[in-house]
Amino acid sequence: MTAQHDHNVRIKEGKVALDGVFGLPADPRGVVVFAHGSGSGRLSPRNTFVARHLQQAGLATVLPDLLTEEEADDRRKVFDIDLLADRLLLAKCWVETEARTRGLPIGYFGASTGAGAALQAAAREPSNLKAIVSRGGRPDLAEPYLPSVTAPTLLIVGGYDEPVIEMNQAAYDLLICEKKLIIVPGATHLFEEPGTLEQVAEQAARWFARYLS
């Protein structure tokens, strides 16, 4: 998958304007919206890597900045899960009204704190949302919302990411939707070890292929 499938987009509502990267393969069968972790955005190399893999599997991808440039400098807003969930729902609304993705089933891919935002957004607005994948996620940040999540949810954690494993195991117990927890051996929080991010991308592609059809 080459960058020729990527389009820069701007997602607007009122005074808020979020930049994003829209990846569009031929005849997509679904679309995955990414929720980045703290301090990251639409140009995240790890999420771009996963997005490429999903595009090869026939899925459109949207990597939006969930914060404006000014907001991204405010550490309080970086960890404001309510605000991040609001922005993710704004991106979902864009997907639902964009001519090239209108009517397609939607998935969320959340990384780190972005996973908390994705799970909260999923509980608040479940319509047309068919699957969620969390990479090294902080689902604990959405704890009050977890029992209300209905979309099938895959939690992926690195085997060396011990505190986050515990958080994901606790979240797994609170989820009552279809769910799965995968621990990738030898991986730390950012999945920087050789081959580990590939495993994340492959597992995510399988999960979305199963439910976005």
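What share of the 213 residues of the protein counts as buried? The answer is 54%. The model is predicted. Its secondary structure comprises seven helices and eight strands. The radius of gyration is 15 Å, close to the 17 Å from the globule rule for 213 residues, so the protein is as compact as a globular protein of that length.

**Overall dimensions and contacts**

- Along the principal axes, the C-alpha atoms fill a box of roughly 40 × 35 × 30 Å.
- Take the contacts in the protein with a separation of 6 or more: 68% of them join residues 24 or more positions apart.

**Surface and charge**

- The protein has an accessible surface of about 9400 Å².
- Carbon and sulfur atoms hold 49% of that surface.
- Charged side chains number 22 positive and 27 negative.
- The centres of these two sets are 5 Å apart.

**Ser112: positive phi in a loop**

- Ser112 is not a glycine, yet its phi is positive, at about 55°.
- The residue sits in the loop that runs between strand S5 (106–111) and helix H5 (113–124).
- Is Ser112 buried or exposed? Ser112 has a relative accessible area of 17%, and buried means under 20%, so Ser112 counts as buried.

**Phe191: positive phi in a loop**

- Phe191 also has a positive phi, near 55°, and is a residue other than glycine.
- Its place is the loop between strand S8 (179–184) and helix H7 (196–211).
- The relative accessible area of Phe191 is 2%. With the buried class set at under 20%, Phe191 is therefore buried.

**Cysteines**

- How many disulfides does the count come to? The count is zero. The rule asks for a pair of cysteine sulfur atoms within 2.5 Å.
- Cys93 has 40% relative accessibility.
- Cys177 has 11% relative accessibility. This value is under the 20% cut-off, so Cys177 counts as buried.

Note on methods: Residues are numbered from 1 along each chain as its sequence is written. This is a predicted model: local features need pLDDT of at least 70, side-chain atom pairs count only at pLDDT 80 or more; totals for chains, interfaces and linings use all residues. Side-chain values use heavy atoms; hydrogens and water are left out. Helices (H or I, at least four residues) and strands (E, at least two) are DSSP runs, numbered from the N terminus. The radius of gyration is taken over C-alpha atoms; the globule rule is 2.2 Å times the number of residues to the power 0.38. Buried means under 20% relative accessible area, exposed over 50%, partly exposed in between (1.4 Å probe, protein chains only). Contact means heavy atoms within 4.5 Å. Accessible areas come from the Shrake-Rupley method with a 1.4 Å probe; for residues, only the protein chains shown count as cover. Lys and Arg count as positive and Asp and Glu as negative; His and the chain ends are not counted. The place of a charge is taken as NZ of Lys, CZ of Arg, CG of Asp or CD of Glu.
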